[in-house]
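My notes follow the order in which I checked things.

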Amino acid sequence: MKLGKLEKLLLAIAITLALITGAIFAAEAIFSKPSQPETSASFNFQRPADEGGEPSSSKPASPDPDQTEPGPNQTETVSQVPEPDPRLGLERIPGQESDLDRIKRLIAPESPGDIEKNYMIRVFKDRQLVTVFEDPKGDGSFDYLIKAFNCSSAADGHNTPSGQHKIGLKLYSGYMIDASYGQYCSEFLQYHYFHAVPSYGGVEEAGVSWEDYNKLGQAASHGCIRLETKAAKWIYDYCKEATPVEILDSSEDFPYLPDKVDQLKMSPDGPKWDPTNPNPLNPYQQDPSLLLDYNHQG
(Lines give C-alpha, C1' and ligand atoms only; values in the text may rest on other atoms or scores of the structure.)
Protein backbone atom coordinates (compact mmCIF):
# COMPACT_ATOMS: atom_id res chain seq x y z
CA MET A 1 0.00 0.00 0.00
CA LYS A 2 1.46 3.31 -1.04
CA LEU A 3 0.96 6.43 1.05
CA GLY A 4 0.40 9.77 -0.47
CA LYS A 5 2.35 12.85 0.50
CA LEU A 6 -0.39 14.00 2.85
CA GLU A 7 -0.58 10.64 4.72
CA LYS A 8 3.24 10.60 5.11
CA LEU A 9 3.17 14.08 6.59
CA LEU A 10 0.42 13.20 9.07
CA LEU A 11 2.23 9.99 10.15
CA ALA A 12 5.46 11.92 10.76
CA ILE A 13 3.58 14.49 12.80
CA ALA A 14 1.93 11.73 14.92
CA ILE A 15 5.27 10.01 15.59
CA THR A 16 6.86 13.32 16.55
CA LEU A 17 4.02 14.12 18.98
CA ALA A 18 4.31 10.65 20.53
CA LEU A 19 8.06 11.12 21.10
CA ILE A 20 7.55 14.58 22.61
CA THR A 21 4.82 13.30 24.96
CA GLY A 22 7.00 10.41 26.12
CA ALA A 23 9.90 12.76 26.81
CA ILE A 24 7.67 15.06 28.86
CA PHE A 25 6.40 12.16 31.07
CA ALA A 26 9.95 10.92 31.59
CA ALA A 27 11.14 14.37 32.65
CA GLU A 28 8.26 14.76 35.14
CA ALA A 29 9.05 11.37 36.68
CA ILE A 30 12.68 12.40 37.23
CA PHE A 31 12.21 15.91 38.57
CA SER A 32 9.14 15.23 40.71
CA LYS A 33 10.99 12.55 42.87
CA PRO A 34 11.42 14.03 46.43
CA SER A 35 14.99 14.54 47.51
CA GLN A 36 16.16 13.14 50.93
CA PRO A 37 18.06 15.44 53.26
CA GLU A 38 21.59 14.36 53.92
CA THR A 39 20.94 13.91 57.64
CA SER A 40 18.28 11.26 57.04
CA ALA A 41 20.56 8.95 55.16
CA SER A 42 21.12 5.58 56.80
CA PHE A 43 24.59 4.19 57.39
CA ASN A 44 25.76 0.67 57.96
CA PHE A 45 28.71 1.43 60.27
CA GLN A 46 30.94 -1.42 61.33
CA ARG A 47 33.59 -0.98 64.01
CA PRO A 48 36.96 -2.37 62.88
CA ALA A 49 37.73 -5.82 64.22
CA ASP A 50 40.81 -4.55 66.06
CA GLU A 51 38.54 -2.33 68.22
CA GLY A 52 36.55 -5.30 69.37
CA GLY A 53 33.49 -4.52 67.25
CA GLU A 54 31.14 -6.90 65.52
CA PRO A 55 29.33 -6.29 62.22
CA SER A 56 26.04 -4.49 62.73
CA SER A 57 22.93 -4.39 60.57
CA SER A 58 21.72 -1.16 58.96
CA LYS A 59 18.68 -1.26 61.27
CA PRO A 60 19.58 -0.54 64.91
CA ALA A 61 18.51 -3.15 67.42
CA SER A 62 15.64 -2.21 69.76
CA PRO A 63 16.88 -1.54 73.30
CA ASP A 64 16.10 -4.09 75.99
CA PRO A 65 13.86 -2.30 78.54
CA ASP A 66 15.40 -4.35 81.35
CA GLN A 67 18.96 -3.42 80.49
CA THR A 68 20.40 0.07 80.56
CA GLU A 69 23.90 1.36 80.21
CA PRO A 70 25.27 3.95 82.64
CA GLY A 71 24.76 7.50 81.46
CA PRO A 72 27.38 10.22 81.67
CA ASN A 73 26.46 11.01 85.27
CA GLN A 74 25.98 7.44 86.41
CA THR A 75 28.44 4.88 87.70
CA GLU A 76 28.30 1.14 87.40
CA THR A 77 27.33 -0.82 90.51
CA VAL A 78 30.33 -2.51 92.05
CA SER A 79 30.09 -5.84 93.79
CA GLN A 80 32.79 -5.20 96.37
CA VAL A 81 31.86 -4.46 99.95
CA PRO A 82 31.60 -0.70 100.53
CA GLU A 83 33.83 1.03 103.04
CA PRO A 84 32.36 1.33 106.58
CA ASP A 85 30.14 4.32 107.18
CA PRO A 86 32.34 7.27 108.26
CA ARG A 87 29.81 8.12 111.00
CA LEU A 88 30.88 5.09 113.03
CA GLY A 89 32.32 6.04 116.41
CA LEU A 90 35.84 4.87 115.65
CA GLU A 91 38.79 5.55 117.87
CA ARG A 92 39.54 9.23 118.31
CA ILE A 93 42.72 10.66 116.80
CA PRO A 94 44.39 12.76 119.53
CA GLY A 95 44.95 16.37 118.59
CA GLN A 96 42.10 16.55 116.08
CA GLU A 97 39.30 16.94 118.61
CA SER A 98 39.18 18.54 122.05
CA ASP A 99 38.25 16.41 125.05
CA LEU A 100 34.95 18.24 125.50
CA ASP A 101 34.06 17.96 121.79
CA ARG A 102 34.78 14.25 121.93
CA ILE A 103 32.50 13.84 124.95
CA LYS A 104 29.71 15.81 123.29
CA ARG A 105 30.02 13.65 120.18
CA LEU A 106 29.94 10.40 122.14
CA ILE A 107 26.93 11.26 124.29
CA ALA A 108 24.91 12.65 121.38
CA PRO A 109 22.12 10.45 119.92
CA GLU A 110 22.97 8.11 117.09
CA SER A 111 22.21 9.31 113.57
CA PRO A 112 18.67 8.22 112.63
CA GLY A 113 17.84 4.96 110.93
CA ASP A 114 14.89 4.11 108.69
CA ILE A 115 12.08 1.94 110.04
CA GLU A 116 11.16 1.02 106.46
CA LYS A 117 14.60 -0.45 105.75
CA ASN A 118 15.69 -3.97 106.43
CA TYR A 119 18.72 -4.34 108.68
CA MET A 120 20.71 -7.24 110.03
CA ILE A 121 22.41 -7.29 113.42
CA ARG A 122 25.64 -9.22 113.84
CA VAL A 123 27.22 -9.73 117.25
CA PHE A 124 30.89 -10.72 117.45
CA LYS A 125 31.59 -12.23 120.84
CA ASP A 126 35.35 -12.30 120.31
CA ARG A 127 35.31 -8.52 119.81
CA GLN A 128 32.37 -7.73 122.15
CA LEU A 129 30.91 -5.78 119.28
CA VAL A 130 27.35 -5.30 118.03
CA THR A 131 27.11 -4.25 114.39
CA VAL A 132 24.24 -3.27 112.09
CA PHE A 133 24.37 -3.97 108.35
CA GLU A 134 22.33 -2.82 105.38
CA ASP A 135 21.66 -4.74 102.15
CA PRO A 136 22.17 -2.12 99.39
CA LYS A 137 22.41 -4.71 96.61
CA GLY A 138 19.16 -6.37 97.69
CA ASP A 139 20.63 -9.86 97.45
CA GLY A 140 20.37 -10.77 101.12
CA SER A 141 24.10 -10.45 101.78
CA PHE A 142 23.80 -7.52 104.23
CA ASP A 143 27.41 -6.48 103.65
CA TYR A 144 27.29 -2.70 104.23
CA LEU A 145 28.29 -1.83 107.79
CA ILE A 146 26.49 1.26 109.16
CA LYS A 147 26.73 0.93 112.95
CA ALA A 148 29.21 -0.52 115.45
CA PHE A 149 28.66 -0.54 119.22
CA ASN A 150 30.71 -1.85 122.12
CA CYS A 151 28.75 -4.42 124.11
CA SER A 152 28.90 -6.88 126.99
CA SER A 153 27.66 -10.39 126.30
CA ALA A 154 27.65 -13.24 128.84
CA ALA A 155 30.43 -13.46 131.38
CA ASP A 156 32.01 -16.78 132.36
CA GLY A 157 29.43 -19.11 133.88
CA HIS A 158 26.64 -17.64 131.72
CA ASN A 159 25.75 -17.95 128.04
CA THR A 160 24.76 -15.75 125.14
CA PRO A 161 23.69 -18.38 122.58
CA SER A 162 25.43 -18.17 119.21
CA GLY A 163 23.46 -18.77 116.02
CA GLN A 164 20.62 -17.26 114.03
CA HIS A 165 17.91 -15.38 115.88
CA LYS A 166 15.32 -12.65 115.23
CA ILE A 167 14.11 -9.51 116.97
CA GLY A 168 10.83 -10.15 118.78
CA LEU A 169 9.28 -8.58 121.87
CA LYS A 170 10.25 -4.99 122.74
CA LEU A 171 9.99 -3.33 126.14
CA TYR A 172 10.76 0.27 127.02
CA SER A 173 11.97 -0.94 130.42
CA GLY A 174 12.48 -4.55 131.50
CA TYR A 175 12.94 -5.96 135.00
CA MET A 176 15.93 -8.29 135.00
CA ILE A 177 16.69 -11.46 136.99
CA ASP A 178 19.19 -9.62 139.20
CA ALA A 179 16.57 -7.06 140.29
CA SER A 180 17.85 -4.45 137.87
CA TYR A 181 16.16 -2.51 135.10
CA GLY A 182 17.27 -2.54 131.48
CA GLN A 183 15.97 0.19 129.19
CA TYR A 184 15.11 -0.19 125.50
CA CYS A 185 14.86 -3.98 125.52
CA SER A 186 14.74 -5.84 122.19
CA GLU A 187 14.38 -9.60 122.58
CA PHE A 188 16.40 -11.77 120.18
CA LEU A 189 15.81 -15.10 121.96
CA GLN A 190 13.49 -16.00 124.80
CA TYR A 191 14.67 -14.15 127.93
CA HIS A 192 17.64 -12.72 126.03
CA TYR A 193 17.62 -9.04 125.11
CA PHE A 194 19.63 -6.20 123.72
CA HIS A 195 19.27 -3.55 126.42
CA ALA A 196 21.00 -0.57 128.01
CA VAL A 197 23.50 -1.03 130.83
CA PRO A 198 21.25 -1.92 133.79
CA SER A 199 20.14 0.39 136.57
CA TYR A 200 19.95 -0.87 140.16
CA GLY A 201 18.34 0.13 143.43
CA GLY A 202 14.77 0.09 142.15
CA VAL A 203 15.50 3.05 139.87
CA GLU A 204 14.87 2.70 136.13
CA GLU A 205 17.45 5.23 134.93
CA ALA A 206 19.45 6.89 137.67
CA GLY A 207 21.02 3.83 139.26
CA VAL A 208 23.57 2.78 136.62
CA SER A 209 26.67 1.05 137.93
CA TRP A 210 29.88 2.71 136.76
CA GLU A 211 31.58 -0.71 136.88
CA ASP A 212 29.02 -2.21 134.48
CA TYR A 213 29.19 0.76 132.13
CA ASN A 214 32.98 0.76 132.05
CA LYS A 215 32.97 -2.94 131.16
CA LEU A 216 31.37 -2.30 127.76
CA GLY A 217 33.70 -4.05 125.35
CA GLN A 218 34.15 -6.94 127.82
CA ALA A 219 31.99 -9.98 128.63
CA ALA A 220 30.01 -9.11 131.75
CA SER A 221 26.29 -9.99 131.49
CA HIS A 222 24.09 -12.89 132.58
CA GLY A 223 23.28 -13.74 128.95
CA CYS A 224 21.71 -10.59 127.54
CA ILE A 225 23.69 -8.13 125.43
CA ARG A 226 24.32 -4.84 127.20
CA LEU A 227 24.83 -1.61 125.28
CA GLU A 228 25.06 2.10 125.85
CA THR A 229 21.59 3.60 126.14
CA LYS A 230 21.84 5.39 122.79
CA ALA A 231 22.83 2.13 121.03
CA ALA A 232 20.05 0.13 122.69
CA LYS A 233 17.60 2.88 121.76
CA TRP A 234 18.69 2.83 118.11
CA ILE A 235 18.02 -0.91 117.86
CA TYR A 236 14.75 -0.49 119.76
CA ASP A 237 13.62 2.32 117.42
CA TYR A 238 14.78 1.10 114.00
CA CYS A 239 15.24 -2.69 114.01
CA LYS A 240 11.70 -3.89 113.52
CA GLU A 241 10.24 -7.24 114.50
CA ALA A 242 11.83 -10.21 112.69
CA THR A 243 15.08 -8.33 112.01
CA PRO A 244 17.68 -11.13 111.69
CA VAL A 245 20.27 -11.38 114.45
CA GLU A 246 23.43 -13.40 113.91
CA ILE A 247 25.59 -14.07 116.95
CA LEU A 248 29.07 -15.23 116.04
CA ASP A 249 31.95 -16.53 118.12
CA SER A 250 34.54 -15.23 115.66
CA SER A 251 34.94 -12.12 113.48
CA GLU A 252 37.63 -13.61 111.22
CA ASP A 253 35.35 -13.56 108.15
CA PHE A 254 34.73 -9.82 108.56
CA PRO A 255 38.12 -8.13 108.12
CA TYR A 256 36.64 -4.66 107.53
CA LEU A 257 35.24 -4.26 111.06
CA PRO A 258 36.61 -1.27 112.96
CA ASP A 259 39.65 -2.03 115.09
CA LYS A 260 38.19 -0.11 118.01
CA VAL A 261 35.04 1.84 118.82
CA ASP A 262 35.58 4.90 120.99
CA GLN A 263 34.09 4.55 124.45
CA LEU A 264 33.57 6.94 127.36
CA LYS A 265 34.16 5.99 130.98
CA MET A 266 32.04 6.82 134.01
CA SER A 267 33.61 8.16 137.18
CA PRO A 268 33.14 6.11 140.38
CA ASP A 269 31.97 9.25 142.20
CA GLY A 270 29.97 10.81 139.37
CA PRO A 271 26.20 10.79 138.71
CA LYS A 272 24.80 7.30 138.28
CA TRP A 273 23.43 7.91 134.82
CA ASP A 274 24.46 6.36 131.53
CA PRO A 275 26.06 9.44 129.89
CA THR A 276 24.32 8.64 126.58
CA ASN A 277 20.82 8.50 128.05
CA PRO A 278 18.87 11.24 126.19
CA ASN A 279 16.63 12.05 129.15
CA PRO A 280 16.96 15.84 129.74
CA LEU A 281 17.24 15.11 133.48
CA ASN A 282 20.53 13.31 132.83
CA PRO A 283 23.23 15.45 134.50
CA TYR A 284 25.73 14.51 131.77
CA GLN A 285 23.37 15.71 129.06
CA GLN A 286 22.92 18.98 130.96
CA ASP A 287 26.66 19.45 131.52
CA PRO A 288 28.98 17.21 129.43
CA SER A 289 32.01 18.73 131.18
CA LEU A 290 31.20 16.53 134.21
CA LEU A 291 32.92 13.75 132.26
CA LEU A 292 36.09 15.69 131.51
CA ASP A 293 38.33 14.66 134.41
CA TYR A 294 37.73 10.96 133.82
CA ASN A 295 37.95 11.11 130.03
CA HIS A 296 41.02 13.22 129.43
CA GLN A 297 43.19 12.04 126.54
CA GLY A 298 46.57 13.49 125.63
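These entries go from the whole chain to single residues.

**Ground rules.** I am working with a predicted model, where local features need pLDDT of at least 70, side-chain atom pairs count only at pLDDT 80 or more, and totals for chains, interfaces and linings use all residues. Residues are numbered from 1 along each chain as its sequence is written, and side-chain values use heavy atoms, with hydrogens and water left out.

**Whole chain.** I looked up the secondary structure. The protein chain has five helices and nine strands. Helices (H or I, at least four residues) and strands (E, at least two) are DSSP runs, numbered from the N terminus. I read the pattern along the sequence as α-α-β-β-β-β-β-β-β-α-β-α-β-α.

Next I checked burial. Of the 298 residues, 36% count as buried. Buried means under 20% relative accessible area, exposed means over 50%, and partly exposed lies in between (1.4 Å probe, protein chains only). The accessible surface of the chain is about 18,600 Å², and 54% of that belongs to carbon and sulfur atoms. These areas come from the Shrake-Rupley method with a 1.4 Å probe; for residues, only the protein chains shown count as cover.

Then contacts, meaning heavy atoms within 4.5 Å. Among contacts between residues at least 6 apart in sequence, 63% join residues at least 24 apart.

**Cores.** I looked for nonpolar cores: sets of buried Ala, Val, Leu, Ile, Met, Phe, Trp, Tyr and Cys residues joined through side-chain atoms within 4.5 Å. The largest has 22 residues, and I121, V130, F194, I225, L227 and I235 touch the most other members. Elements that each supply at least two residues include β1 (120-124), β2 (129-134) and β9 (244-248). Which element gives the largest share of this core? It is α4, with four residues.

Not counting residues up to four places away in sequence, I235 touches I121, V130, K170, S186, F194 and L227. I also found a second, separate core of 12 residues, with I107, V197, W273 and Y284 among them.

**Aromatic rings.** Rings of Phe, Tyr and Trp (its six-membered ring) pair if their centres lie within 6.5 Å; planes under 30 degrees apart count as stacked, over 60 as edge-to-face and the rest as tilted. I get nine aromatic pairs by this rule. Y175 is exposed, at 57% relative accessibility.

Y184 and Y236 have ring centres 5.3 Å apart and planes at 70 degrees, so I note this pair as edge-to-face. The pair links distant parts of the chain: Y184 is in strand β6 (residues 181-189) and Y236 is in helix α4 (residues 229-238), 52 residues apart. Y184 is buried at 9%. Y236 is partly exposed at 22%.

F124, F133, F254 and Y256 form one aromatic cluster.

**Charges over rings.** A charge sits over a ring if NZ of Lys or CZ of Arg is within 6 Å of the ring centre and within 35 degrees of the ring normal. The charged end of R122 sits over the ring of F133, 4.6 Å from its centre. K170 lies over the face of Y236, at 5.8 Å from the ring centre.

**A219.** Last, I looked at a loop residue. A219 is in the loop between α3 (210-214) and β8. Beyond its neighbours within four places in sequence, A219 is in contact with Q128, S153, A154 and A155.
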